[in-house]
Amino acid sequence: MSATRLILLGPPGAGKGTQALRLVEALGIPQISTGDMLRSAVAADTPVGREAKGYMDAGKLVPDRVVVGVAQERLAEPDARTGFILDGFPRTVGQAEALDEMLPALGCRLERCIVLAVSEAVLIERLLKRAQIEGRTDDNEASIRTRMVEYREKTAPLIDYYRGEGIAAEVDGLGSVEEVGDRIAAALA
Ligand code: ADP
């Protein structure tokens, strides 16, 4: 048996997206990536996208009010009923509190928060490489540094938040995709 209401937490470049896709295949539950949803909103030029774009390009977090709305709508969709992998949400204590408030109405609670740990030097190297391959507009060095600071100041406190809820599991994010995936599977068992 594996937990199926999951959060993947970790700094930009830690491998959350890659590992989320493996979990989608293994567990048959959807990945909910607020970063992907916001990028789609920007591409479709929706009101949410127009509000988010400036923050994203600068590497700043999009305001909680915007992101919480996006996540809440997505979590209410039928495919999330049997479980979900939250990738990149929550990213602030305010978002975590909003999530805790919305889950009872959906009839579930969080089961595990996987914290992917990777050193900052490795992260920056990975993100610069990804910038060359994917050409994401926020993968330039200035934005990457800002995203690291945002992570340290606003997102890292969530590790203690979920330790407090008794669901945090720290996983070494260094190694091959398979090695890290096996560690995550062990943490979910
Ligand atoms: P990464 O983890 O590599 O930074 P994401 O795709 O998760 O990439 O996020 C890209 C950008 O989208 C973030 O820098 C931020 O501007 C915005 N974003 C995504 N999720 C959130 C969130 N939960 N809260 C605030 N901003 C978010």
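Residues are numbered from 1 along each chain as its sequence is written, and side-chain values use heavy atoms, with hydrogens and water left out. Because the model is predicted, local features need pLDDT of at least 70 and side-chain atom pairs count only at pLDDT 80 or more, while totals for chains, interfaces and linings use all residues.

The shell around the ligand holds 19 residues, a residue being near if one of its heavy atoms lies within 4 Å of the molecule. T34, R39, K60, G88 and Q95 come nearest. By class, the shell has eight charged, seven nonpolar and four polar residues; Ala, Val, Leu, Ile, Met, Phe, Trp, Tyr, Cys and Pro count as nonpolar, Asp, Glu, Lys and Arg as charged, and the others, Gly among them, as polar. Helix α2 (residues 34-43) gives the largest share of the shell, four residues. Helices (H or I, at least four residues) and strands (E, at least two) are DSSP runs, numbered from the N terminus.

Polar contacts are pairs of N or O atoms within 3.5 Å. A nitrogen atom of the ligand lies 2.9 Å from a side-chain N or O atom of Q95, and a backbone N or O atom of V62 is 3.0 Å from a ligand nitrogen atom. On the side of the ligand oxygens, one such atom is 3.0 Å from an N or O atom in the side chain of R130. Of the 550 Å² of accessible area that the ligand has on its own, the protein covers 97% (Shrake-Rupley method, 1.4 Å probe).

A pocket is an open set of points on a 1 Å grid over the protein atoms alone, where a 1.4 Å probe fits, with protein on both sides within 12 Å along at least five of seven lines; lining residues have an atom within 4 Å of a point. The largest pocket has a volume of about 1,000 Å³, taken as the space filled by probe spheres set on the points. Of its 45 lining residues, P12, G13, K16, R130 and R136 are the closest to the centre. Helix α2 gives the most to this lining, with five residues. The lining divides into 17 polar, 15 nonpolar and 13 charged residues.

Helices α1 and α9 each supply at least two residues of its lining, which has seven nonpolar, three polar and two charged residues. Among the lining residues are Q19, R22, D182 and L188.

Key. Polar contact = N/O pair within 3.5 Å; in protein donor to acceptor, adjacent residues only side chain to side chain.
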